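Here is a friendly briefing to read alongside the coordinates. Have the viewer open and follow the groups in order.

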Amino acid sequence: MGDSVTSENFQLHTDLLEGVTDFNGCPIKATFFVSGENVNYTLVKKLHESGHEIADHSVSQRLPAEWWSATASIKELETEIVGQLKTIQSEVGVITKGWRNPYLESTEVTFKILADNGFLYDSSLVTFPGVKWWPYTFDYLPPLNCYMKNCPKNFYPGLWEVPIVTWQCDVLGTKFGSTMSDCFDLDDEESVYQMIMANFKLHYEDNKQPFSMFTDSIWFNNKPFRKNAVMRFINDVRKMSDVFFVTIQDLLQWMQSPIGLDSFPFSCNQQPILQNINV
């Protein structure tokens with residue numbers, strides 16, 4: 001999720017995540033990119049205490065979008081990034097390790113600030129349609145040109161990029177979106193469900209690149225069929241013994257020390273218990 005956590009959208013997060021487990025019986029987890037705009041930190045803390053990851057999404061999410069890449073000074077960007085990091089630490093009691101740039105408008109300065117302030121990863125760079133990358137570090141730069149022209153040109157050893165893999169929004173592969181939220185032309189539960197499942201299979205039936213379901217609560221507003229479709233998808237694929245719903249930090253920790261299914265990755269020492277999601 002990539003917006004503020006508020007009393008208005010907290011029920012959505014609860015409906016999607018609470019009481020739901022992977023095949024191994026462990027609770028499914030999500031990453032919340034939290035901005036300081038209208039946020040309820042008491043609810044953010046509840047999400048953290050439930051095992052979800054809290055990441056940085058700026059102090060203000062200010063408009064216009066191009067301010068982040070064309071107008072902001074180094075000091076202003078540092079205030080937005082580090083200021084929210086410090087607020088999350090103060091209000092929630094956790095040192096966040098991840099960042100997503102508002103409106104995905106990153107600059108070279110953004111990555112330098114992240115590296116200088118001990119961030120583990122950025123997740124603001126979008127892949128070309130049809131390209132499914134694994135997370136990578138900026139010890140080296142990608143061989144392809146950047147899809148949205150916001151890739152860094154310098155090296156930042158140890159800083160990870162968790163790419164936003166472009167979604168295919170229609171069965172013909174003619175419409176694409178940076179995230180699930182950009183697929184908004186479908187107007188019933190079945191078509192949304194099939195769209196999500198088709199994108200999942202593009203990863204699962206390829207090299208099992210991590211499948212990112214990046215979205216925001218606004219996408220669900222006044223569209224209950226979208227929530228039903230997502231819950232239905234979660235309930236179907238979580239029964240598979242090689243599928244896990246994890247935070248970005250969990251994913252990167254596994255990538256640094258990968259283990260196979262026979263070693264029980266993402267285990268929480270629970271017996272497999274499947275619970276249905278009622279929609």
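The side chain of Asn 24 reaches the backbone oxygen of Phe 266 at 3.0 Å, a polar contact in the sense of a pair of N or O atoms within 3.5 Å; within protein, one must be able to donate a hydrogen and the other to accept it, and residues adjacent in sequence count only if both atoms are side-chain atoms. This is a predicted model, in which local features need pLDDT of at least 70 and side-chain atom pairs count only at pLDDT 80 or more, while totals for chains, interfaces and linings use all residues. Residues are numbered from 1 along each chain as its sequence is written, and side-chain values use heavy atoms, with hydrogens and water left out.

**Asn 24 and its loop**

- Asn 24 lies in the loop between H1 and E1; helices (H or I, at least four residues) and strands (E, at least two) are DSSP runs, numbered from the N terminus.
- With a relative accessible area of 16%, Asn 24 is buried, where buried means under 20% relative accessible area, exposed over 50% and partly exposed in between (1.4 Å probe, protein chains only).
- A polar atom of the Asn 24 side chain also lies 2.9 Å from the backbone nitrogen of Cys 26.

**Helix H2 and its two faces**

- Helix H2 spans residues 41–49, and its buried residues are Tyr 41, Leu 43, Val 44 and Leu 47.
- These residues cover an arc of only 155° around the axis, so they sit on the same side of H2; the arc is that of the directions from the helix axis to the C-beta atoms.
- Thr 42 and Glu 49 are exposed residues on the face of H2 turned away from its buried side.
- Helix H1 (10–17), strand E1 (31–34), strand E2 (53–56) and helix H4 (74–92) are what the buried residues of H2 pack against, with contact meaning heavy atoms within 4.5 Å.
- At the start of H2, the backbone nitrogen of Thr 42 has a side-chain oxygen of Asn 40 within 3.1 Å.
- Just after H2, Gly 51 adopts a positive phi of about 100°.

**How helices pack**

- The axes of H2 and H4 are 9 Å apart, and the two helices pack at an angle of about 75°; axes are lines fitted to C-alpha atoms, for helices over the stretch in contact, and angles run from 0 to 180 degrees between N-to-C directions.
- That angle makes H2 roughly perpendicular to H4, given that angles under 35 degrees count as roughly parallel, over 145 as roughly antiparallel, 65 to 115 as roughly perpendicular and the rest as oblique.
- On the H2 side the contact is made by Tyr 41, Val 44, Lys 45 and His 48, and on the H4 side by Gln 84, Thr 87, Ile 88, Glu 91 and Val 92.
- H1 and H7 pack at an angle of about 30°, with 9 Å between their axes.
- This makes H1 roughly parallel to H7.
- Leu 12, Asp 15 and Leu 16 of H1 meet Lys 227, Val 230, Met 231 and Ile 234 of H7 in this contact.

**Backbone details in the loops**

- Leu 63 and Pro 64 are joined by a cis peptide bond, with omega about 5°.
- Pro 64 lies in the loop between E2 and helix H3 (67–71), and Ser 58 is found in the loop between E2 and H3.
- Ser 58 is a residue other than glycine with a positive phi, near 90°, and it is buried, with a relative accessible area of 0%.
- Asn 222 is not a glycine either, although its phi is positive at about 60°.
- Asn 222 lies in the loop between helix H6 (189–204) and helix H7 (224–237), and at 77% relative accessibility it counts as exposed.

- In helix H8 (residues 248–256), the residues Ile 248, Asp 250, Leu 251 and Leu 252 are buried.
- The cover over the buried residues of H8 includes E1, E2, strand E4 (121–122) and strand E6 (156–161).
- Pro 135, found in the loop between E4 and strand E5 (136–138), counts as buried at 8% relative accessibility.
- Not counting residues up to four places away in sequence, Pro 135 touches Trp 160, Glu 161, Val 162, Pro 163, Pro 210, Leu 251, Leu 252 and Met 255.
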